[in-house]
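Hi there,

I'm handing over the structure we talked about, and my notes follow just below it. Have a look whenever you get a moment.

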Amino acid sequence: MTLDDIAARAPFDDAKKPIPGLMQNWPLTIDKIITHAAAAYPHAKIVSRGNDLALRTTTYAEIEQQSRRISSAFAAHGVGAGDIVATIAWNSDRHIELWYGAGGIGAVIHPLNPRLTPEQIIWIIHHAGDCAIFLDPAFLPLVEAIAGSLSSVRLFVLLTSEVEMPANTFGAISLEAFLANGTRPERWGDFPEDGACSLFYTSGTTSNPKGVLYSHRSNSLHAMLAAMAYGLTTGDIMMPVVPMFHANCWGLVHIAPMIGASLVLPGPALDPASLHALIESEGVTHAAGVPTMWSALHQHLMQTGKRVPTLRRLFTAGSAVPRSLIRRLRDDLDVEIVTAWGMTETSPSGTIGGYLPRHLADDEDALSAAARQGRMLYGVEMTIRDEDGQTLPHDGRSSGRLMVRGPAVLSAYFRSDVKICDEDGYFDTGDIGVIHPDSIMQITDRAKDIVKSGGEWISSLTIEDAVALHPAIEHCAVIGIPSERWDERPLLIVRLRSGTDMSADQIRDFLVDKLPKWWLPEIVEFIEEMPLGATGKVDKKRLRLIYAPLFGMVGAAA
Ligand code: ADP
């Protein structure tokens, strides 16, 4: 028998079986994360901006205590394992305590996006079957207006004290009243790691929201692998601007206590001036959010002349980050942007970007590399397939559907029988991308956004990136419009910075040496306000609706 014959055999034949390891069984449940933080980093600070905009400081030791009290109050109110509890709240210490309080008794936390329409929120609550809603006082009018339609919900709790409790018509109680019966529960955690832990709905950028149900195991593993990839460490001061209701808050509510990083939580004040004030007063070293937030922060700092000397890295994901923004943050503020790619369905971290030493020889190379979505994290297997399901080479040119699998990738949507993974267990992300020979993945489009012109694909992201290099452009977006001759052509929509002026011809001239000639958009539309979706991304669904009457798009709402 040759060595090749041996290699071709299954790793173990019938006679040879793996023997069991002799290590302890320690279920990966998320209560252990906050218990660990309380033991290892009890004094690490968590600073939150409350609804009254005042700052509140707490520690991991206090958060763990309070989470346990919440668990026992849940039990006193008849909420237990398997129940789904919604939150409508900004990023705060109280919100974190609810996550761990629910997780500690096997209940499922379901952070809801308040920026969705009331109809979408009712639909999601009904679909999830939420039994309770915890809300910031700011969302009282929203919930009051829809409470009568929420048949599954039997408990409403406002995240406020008894004295500050406003009058309401739907029987809501204060957090203080809710906690009145809560003592420290004897039993915490101690259930199987594959039990459900949290539920997030996709933001519905391309279709109706869909539920993604994370397990304790997937959240614990995701936190470990994402912490490694982000390079966060003990003593870092992380400000998640990404809301806790968006895509698992990128794992940061689990990662920070796991590794002993402090958290700075901006509450309702997400404008650049308030964010800058927090960065300055708390010495924030790292922050995370979608690119539009960092572009607004950069603009604010340039206008006011303020600076952010403690800030080292901004993590950004959710949509492509223009090279121009990476350059401005680096050159004007000495801040590094780190691009990540992911989606609610992948917990969400899938890849992490960054330069390689060889890119640094040339500035344009370095910026292009930094703008790409990056390498797959440990625990994320990734492949690119063509329309026939054939695997494509990693040559940086062959673009196809991005498929992923791993312990923090979903296997099915919540309450849905639709099969979403192929025979090999790969989930089709709906993104189109290439993998470069150095294994760096680059998203070129969403399957729904790609412009199909004359049988070829035009990447809307590549055009947007080139347009954004011009300093007069504040926002831009490309969507496909019908063309009799080519099927589809790209329509470029731009919002100019205030005080600037540019014609369509000047924009096209600027693009001539940056894009293939046949990619140049014949039509450029100028828009006063670029519509942003519920998570701060440019809302292409809305843009299609706006421009449908002008350009004859059929089924623009799909
Ligand atoms: P929704 O699917 O409702 O927008 P998600 O927040 O889960 O909600 O969005 C995931 C999608 O965002 C990805 O499938 C991808 O299209 C896009 N995305 C995420 N990160 C990046 C990135 N770094 N570059 C380009 N697109 C990204």
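**Salt bridges across the chain**

At 35% relative accessibility, aspartate 363 counts as partly exposed. Please keep in mind that this is a predicted model. The side chain of aspartate 363 meets that of arginine 327 in a salt bridge, at 3.5 Å from N to O. Because aspartate 363 belongs to helix α13 (residues 363-371) and arginine 327 to helix α12 (residues 323-333), the pair ties together parts that are 36 residues apart in sequence. Arginine 327 is partly exposed too, with a relative accessibility of 26%.

Both residues also belong to a network of salt bridges, which links Arg323, Arg327, Arg330, Asp331, Asp363, Glu364 and Asp465. Over the model, the count comes to 25 salt bridges.

Another one joins aspartate 93 and arginine 56, whose closest N and O atoms are 2.6 Å apart. Aspartate 93 sits in helix α4 (residues 93-104) and arginine 56 in strand β2 (residues 55-59), so this pair ties together parts 37 residues apart in sequence.

Glutamate 336 counts as partly exposed at 28% relative accessibility, and arginine 313 counts as partly exposed at 25%.

Happy to chat about any of this.

Best wishes

Methods: Residues numbered from 1 in each chain as written. Predicted model: local features only at pLDDT ≥ 70, side-chain atom pairs only at ≥ 80, totals over all residues. Heavy atoms only, no water. Salt bridge = Lys/Arg side-chain N within 4 Å of Asp/Glu carboxyl O. Helix = DSSP H or I, 4+ residues; strand = E, 2+ residues; numbered from the N terminus. Buried < 20%, exposed > 50% of the residue type's maximum accessible area, 1.4 Å probe, protein only.
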